[in-house]
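This report describes one protein chain for a reader who is new to structural work. Please keep the sequence and the three-dimensional view at hand while reading.

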Amino acid sequence: MASAVASALAATPNASTMGEADAVYADLLSFLSSPRSDLRKAAAAATRAALSDEDTNEAARRLTALTAVAPLCKIASAASVEVGSNDALAALSILCAHDSVGDQCVLDFVENKGVGRMLELALSSPPTPPSTAASVAALSNNEEGGGKSKLAVEWEGWRKQVNFACALLANATRTEKGAAEFIGLSFPAEAVPSSMARKDAGEAKEAGESDGATRGYGKRDAKPTATLLLSRFLNPAFVDTASEAYQSAVEAWNKPKGANDGQKKSSSDEDLDAYDSDPDDEALEKEENGTPNQPLDRPKADPTTNAGEHCDPYQHVAAVIMNVAQLETGRDFLMRLVHNDDTKGSSGAGASEGAPEEGGPNEGTSKSHLQSLLPQLDSPNPHRRRGVAGTIKNCCFSSDSIWWLLNVVHVDKALLMPLAGPEELTVDEKVGLDPDYWLSGPAQAREPDALVRLYVVEALLLLLASGRRARETLRERRTYVIVKLADMVEEDEQVSERMLECVQYLRRDEEGTEEGSSDRRAYERYARGMIARDGEKNKALALPPSTTAAEGSGAEGAGGEEDYDGVD
């Protein structure tokens, strides 16, 4: 029966009439809803095969018209390979990422409670604790015959399911309805059952329970589902670092990024004078040549296009966070300070499940989820970098948080580091510039992904457009130097246009001021700051007063201050 389903669907493109094709797809839909698990499994596999062919438009259109998303969601939520869960997840991923019918499939997916189903899969328990994942992979690689152990196969199957689930969440949250559904299920404290809430400290003390016992199963801290998802996203233990796909990503990330970045360049005053920040001439020339400005494609999450990408099962959570941050509730969640009064390795804002937290906040500190995400801009995984860069951009829409973003989070440094390159700066350009941008020298490489660069530059543009105080801060921190050098080697037209807009904000004079006042004011501010820092540094390095002089001249000889030990 199972083979009959697959063969009938494979023969559909050669059907002599449209009626025969309709009958085949109608039978497929009935098999997807069959009470028999073997028929459902075969139908899911046949659906995936039809959608994986070279021409998927016809199959996707017919399946969408028949509302096949509903039975596929039920099969996928079973979370069992024996009933065709992976095939159903793959079929849903292809449908929701489809160019023509993807939006309708996402709506059907949300209406059929797909967001809640995928959240359950994404937060399902792995075969073993996450801390043992690396040892499982190592043991599998050392087995005789090169085969995988049973436990390694279970881990691979779990990673595939979680990767599909997170990709579907990323596609669902692209729509306003899907994002609102995710927020409703993930953000409020009511999303966690009250039976799992932690007892008060007084109740736990009266019951004689230790702090560790109150964090046991059934008595753990009440945390929103989004916080649990973030903790897994930030936990490196879930990533299969021994896989070929991960190793290839690391090698590609460590390579010199771009032909221009591989050469050591020097920046001079001539380059600064020759740099044209007016895009009018260039735009007119391209318009005359008939080269349209094509926007960068913001790809949808489709895990079926890369067979090895499940090595990082939570990579698409970055896209989920970016999509949710388009709503004010999502931005408030990311920028809200979370006080961590537990020791390292506990369940804080950036804590990892089953493994000690690395580089997280110390005891008694407050840290937002956004600050925990910033290091992901240096991840070898492009999905993570794109999602986090887009998240920062969306958070910059909160005008009330601009001061906090610039002076507490220092988000401008996180945004400029991907734009910094290997050029050798002049002494004047280094003045007032953070040394981290140029200390690596020729080894410093720019972000190779154009979409990440676009998100980063658009975030800077939002900061500059937020107000005069923000522009003055960015001028004082020499943002113009990094943006100028990045624009001189930028190949993508859309990214370059955004950079030119940033340059115009940085170089123009504020309204009501004289010509050249913005540059002069910025120079005075960072020069004043350097003098103050040098003064504090010299004060800290100053030698203590001579004890001999103090003994010979008394308290007055020691600068007029009383002797430290109170003895004449």
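The report begins with the chain as a whole and then turns to selected residues.

## Overall picture

The structure is a predicted model. Its chain has 568 residues, of which 44% are buried. The secondary structure consists of 30 helices and two strands.

The accessible surface of the chain is about 28,900 Å², and carbon and sulfur atoms account for 50% of that area. Among contacts between residues at least 6 apart in sequence, 74% join residues at least 24 apart.

## The nonpolar core

In soluble globular proteins, nonpolar side chains tend to be buried together. The largest nonpolar core of this chain has 115 residues. Within that core, Phe 109 and Ile 392 touch the most other members. When residues up to four places away in sequence are not counted, Phe 109 touches Val 69, Cys 73, Leu 92, Cys 96, Gly 114, Val 115, Met 118, Leu 168 and Ala 172.

Helix α18 spans residues 317-324, and seven of its eight residues are buried, so the helix is largely enclosed by the rest of the structure. The buried residues of α18 are Val 317, Ala 318, Val 320, Ile 321, Met 322, Asn 323 and Val 324.

Ile 321 is also one of the contacts of Leu 334, a residue of helix α19 (residues 328-335). Leu 334 has a relative accessibility of 3% and therefore counts as buried. Apart from neighbours within four places in sequence, its contacts include Leu 230, Ala 325, Ser 368, His 369, Leu 370, Leu 373, Thr 391 and Cys 395. The C-alpha atom of Leu 334 is separated by 9.5 Å from that of Ser 372, which stands 38 residues apart from Leu 334 along the chain.

## A buried arginine

Arg 159 belongs to helix α10 (residues 150-172). What is the nearest side chain of opposite charge to Arg 159, and how far away is it? That side chain is Asp 240, at 4.1 Å. A salt bridge requires the charged atoms to be within 4 Å, and Arg 159, although buried, has no salt bridge.

The side chain of Arg 159 does reach the backbone oxygen of Phe 238, at 3.0 Å. With neighbours within four places in sequence left aside, Arg 159 is in contact with Ala 133, Phe 238, Val 239, Asp 240, His 310, Cys 311 and Pro 313.

## Salt bridges

How many salt bridges does a search of the whole structure find? The search finds 22. One of them joins the side chains of Asp 412 and Arg 477, with an N to O distance of 2.9 Å. Asp 412 lies in helix α23 (residues 411-416), whereas Arg 477 lies in the loop between α26 and α27, so the pair ties together parts that are 65 residues apart in sequence. Asp 412 is buried, with a relative accessible area of 4%, while Arg 477, at 22%, counts as partly exposed.

Helix α23 also holds Lys 413, whose side chain meets that of Asp 434 in a salt bridge of 3.3 Å, N to O. Asp 434 is located in the loop between α24 and α25, and this pair links distant parts of the chain, 21 residues apart. Both partners are partly exposed: Asp 434 has a relative accessibility of 26%, and Lys 413 has one of 27%.

A further salt bridge, at 3.6 Å from N to O, is formed by Glu 458 and Arg 498. Glu 458 is in helix α25 and Arg 498 in helix α28 (residues 493-507), so this pair ties together parts that are 40 residues apart in sequence. Glu 458 counts as buried, at 10% relative accessibility.

## Positive phi angles

Most residues other than glycine have a negative phi. Which value does the phi of Lys 113 lie near? The phi of Lys 113 is near 60°, a positive value. Lys 113 occurs in the loop between α7 and α8, and with a relative accessible area of 53% it is exposed.

His 410 also has a positive phi, near 55°. His 410 is found in the loop between α22 and α23 and is partly exposed, with a relative accessible area of 39%.

Conventions
Residues numbered from 1 in each chain as written. Predicted model: local features only at pLDDT ≥ 70, side-chain atom pairs only at ≥ 80, totals over all residues. Heavy atoms only, no water. Helix = DSSP H or I, 4+ residues; strand = E, 2+ residues; numbered from the N terminus. Buried < 20%, exposed > 50% of the residue type's maximum accessible area, 1.4 Å probe, protein only. Lys, Arg positive; Asp, Glu negative; His and termini not counted. Polar contact = N/O pair within 3.5 Å; in protein donor to acceptor, adjacent residues only side chain to side chain. Contact = heavy atoms within 4.5 Å. Areas by Shrake-Rupley, 256 points an atom, 1.4 Å probe, with all protein chains shown as cover. Core = buried A, V, L, I, M, F, W, Y, C linked by side-chain atoms within 4.5 Å.
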